[in-house]
Amino acid sequence: MPPLLRPDHAAMLVLPPRQGTLAATCDVLVVGGGPAGLGAAIGAAQAEARTVLVERYGFLGGNATASLVMPLMSFHTQHTHREIKGDTSLVPTDHGPGDPVLAGVLAVFLKRLVEAGGAIAPTLQTGYVVPFDPEIFKLTALEMLDEAGVEYLFHAFASGVIKDADAVTSVIFETKSGPVVIRAKVTIDATGDGDIAFGAGAPYELGRAEDGLVQPMTLMFRMGDFEKERFDHFIKEHPDQWRGVHGLWKLIQEAIQSGELKLERDDLLFFATPHPDEVSVNSTRVKKVSGIDVWDLSYAEWESRRQMKQIVRFLRRHVPGFEKAYNLQSGSTIGVRETRRIMGEYRLTADDVLSARKFPDVIARCTYPLDIHDPKGTGTLLQRLPPGESYDIPLRCLIPKGVEGLLVAGRCISGTHETHSSYRVMPVAMATGQAAGACAALASRRELQPRQVPWQEVQNELLRQGADLRDIRSQRMPDSSASKGAPL
Ligand SMILES: Cc1cc2nc3c(=O)[nH]c(=O)nc-3n(C[C@H](O)[C@H](O)[C@H](O)COP(=O)(O)OP(=O)(O)OC[C@H]3O[C@@H](n4cnc5c(N)ncnc54)[C@H](O)[C@@H]3O)c2cc1C
């Protein structure tokens with residue numbers, strides 16, 4: 001084992017009381033600058049709320065940039081249907097033209113990213129995923145926050161909340177300048193881990209029902225000087241070695257048998273980036289660890305880098321096209337797929353996903369399959385929606401039980417372990433973020449709690465901001481936005 005700190009009998013100490021700097025009083029505070037936080041901050045600012053975003057790192061993007069999680073997964077309908085056990089491909093090789101089911105902030109962000117040369121637009125050729133460049137992602141995100149009028153603070157880690165009865169009123173941040181406090185009428189938890197909701201005492205779930213295990217963590221990395229033509233030629237000669245974006249099964253088995261490689265998954269998974277001589281590798285796996293446990297996180301960083309070293313060596317020695325390739329960059333932090341799922345007024349189920357269920361209070365839509373990297377084993381379970389279908393995410397999944405003044409967005413919204421594996425992807429996180437932002441802005445303007453805002457008004461604001469909520473407008477009575485939308 002590595003010489004990592006892991007106290008066996010941790011003693012709890014009482015800490016000295018302290019003071020903090022009150023840095024701002026705003027309408028909407030967004031904690032976390034990942035895809036959900038970006039959507040939330042822009043959604044709130046577009047609804048004319050004074051909005052502050054706070055992020056623990058010195059840049060925006062969350063998993064997309066800090067963990068090099070690439071590409072943005074598809075938000076398009078798929079026109080063929082299959083269920084594959086042990087297939088780690090996230091891109092169906094046999095699907096036909098798809099229609100996007102998300103728009104709003106995501107659509108504008110993608111347009112800007114493509115125009116800046118930082119992404120390839122989603123088409124049949126890309127499998128409807130969006131390969132992007134993480135540096136241009138960071139810059140584009142920053143520019144969009146500036147233009148929306150969002151104020152922000154970097155290098156500030158949220159460590160606690162201040163409540164008045166059941167309502168979150170302020171968040172405490174640890175910074176190099178000492179503790180900083182920000183007051184807000186409504187706070188949006190876009191930390192991915194539900195840190196704020198947890199601090200406020202909201203109920204949550206962790207892991208799968210049978211044993212509490214979560215999906216593994218993965219350290220992503222990029223290989224530069226990759227010769228795509230040589231690789232493609234090899235695959236053409238050995239079609240049994242590759243499917244879609246993953247494979248090399250035989251080469252892997254040989255390397256495992258010779259003792260050269262120890263791989264925690266069945267195959268290697270590559271994604272293209274906007275740069276032709278580069279690939280993104282999604283192939284390390286650290287299992288039975290928790291992304292909200294500092295001791296596990298430290299171990300996972302150590303273990304995943306050892307795995308990466310072996311994989312890079314294997315690619316360079318044995319895989320045509322990688323002979324001259326080098327490890328260009330790894331994530332500045334390991335990618336964490338799954339932690340707390342905050343329990344909301346509705347909990348999305350696998351049945352909702354697979355039956356493409358629709359809800360009257362829809363605020364975002366998703367086409368992405370259930371995609372569970374085995375918490376214990378080497379495979380991945382992929383279960384798709386019916387062809388051409390999407391499911392709705394209701395506003396109630398963003399409203400935590402028992403806590404006021406707070407919304408959740410992104411991967412910590414309310415759903416089961418299985419469902420989380422679908423709605424966690426970045427385009428959907430951005431869309432639930434935008435919805436949380438719109439709801440928070442309306443609540444702050446009308447001095448309401450988020451759960452008291454009529455869902456029709458949130459939908460109207462989202463439609464005004466360009467969101468795609470399928471055909472809800474045509475199903476509404478002309479005056480329905482005036483009706484009192486009590487929580488369903
Ligand atoms: C290895 C891996 C591969 C994946 N593959 C894909 C893929 O190919 N395509 C895809 O679309 N999705 C993929 N996903 C899923 C996707 O990356 C995440 O689910 C998505 O980023 C969730 O967005 P989010 O904004 O909710 O959270 P995050 O992206 O995790 O962002 C949370 C933000 O909050 C900040 N933060 C956290 N805690 C605090 C705190 N206490 N104080 C202040 N700031 C804080 C973080 O620094 C971060 O910036 C993958 C995930 C992983 C881990």
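Q: Two strands are said to pair if DSSP finds at least two bridges between them. In this predicted model, what makes strand β1 and β7 a pair?
A: Strand β1 (residues 21-31) and β7 are joined over 9 bridges. The requirement is at least two, so β1 and β7 count as paired, and they do so in the parallel sense. You can look for Ala24, which stands opposite Ile182 in β7.

Q: How do you know that β6 and β7 pair, and in which sense?
A: Strand β6 (residues 167-174) and β7 share 4 bridges, and their sense is antiparallel. Since at least two bridges are needed, β6 and β7 meet the rule with their 4 bridges. Among the residues involved, Ser170 has Arg183 in β7 as its bridge partner. β6 and β7 also form a hairpin, with 5 residues between them. In that turn, Gly178 has a positive phi of about 90°.

Q: What makes β7 and strand β20 a pair?
A: Here there are 3 bridges, in the parallel sense, between β7 and strand β20 (residues 406-408). With at least two as the cut-off, the 3 bridges are enough for β7 and β20 to be called paired. Thr187 is bridged to Leu406 in β20.

Q: Why is strand β7 called mostly covered?
A: Of the 10 residues in strand β7 (residues 180-189), 7 are buried. A buried residue has 20 or more other C-beta atoms within 10 Å of its own, so 7 of the 10 residues in β7 reach that count.

Q: Buried or exposed: what is Gly331 called, and why?
A: Gly331 has 22 C-beta neighbours inside 10 Å. The cut-off for a buried residue is 20 or more, so Gly331 counts as buried. Gly331 is found in the loop between β14 and β15 (340-342). Leaving aside neighbours within four places in sequence, the contacts of Gly331 are Ala66, Ser67, Leu68, Leu219 and Met220. The C-alpha atoms of Gly331 and Ala64 are separated by 9.5 Å, and these residues are 267 residues apart along the chain.

Q: Why is Ala356 called partly exposed?
A: Ala356 has 18 C-beta neighbours inside 10 Å. Buried needs 20 or more and exposed needs 12 or fewer, so with 18 neighbours Ala356 falls in between and is partly exposed. Ala356 lies in the loop between α9 (350-354) and β16 (362-366). Ala356 also has a positive phi of about 55°, although it is not a glycine.

Q: And why is Arg470 called partly exposed?
A: Its count is 13 C-beta neighbours inside 10 Å. Exposed would need 12 or fewer and buried 20 or more, so Arg470, with 13, is partly exposed. Arg470 sits in the loop between α12 (455-464) and α13 (472-475), and its phi is near 50°, a positive value in a residue other than glycine.

Q: What makes the bond from Met70 to Pro71 cis?
A: Its omega is near 0°, and the peptide bond from Met70 to Pro71 is cis. Pro71 lies in the loop between α2 and β3 (83-85).

Q: How do you know that the largest nonpolar core lies between domain 1 and domain 2?
A: The core has 138 residues, and those touching the most other members are Val28, Ala197, Leu398, Leu407, Ala435, Cys439 and Ala440. Helix α11 (residues 426-445) gives the most, with 13 residues. Domain 1 (21-82 + 98-210 + 338-482) and domain 2 (221-330) both contribute residues, so the core lies between them.

Definitions and conventions. Residues numbered from 1 in each chain as written. Predicted model: local features only at pLDDT ≥ 70, side-chain atom pairs only at ≥ 80, totals over all residues. Core = buried A, V, L, I, M, F, W, Y, C linked by C-beta atoms within 7 Å. Helix = DSSP H or I, 4+ residues; strand = E, 2+ residues; numbered from the N terminus. Domains from an automatic or database assignment. Contact = placed C-beta atoms within 7 Å.
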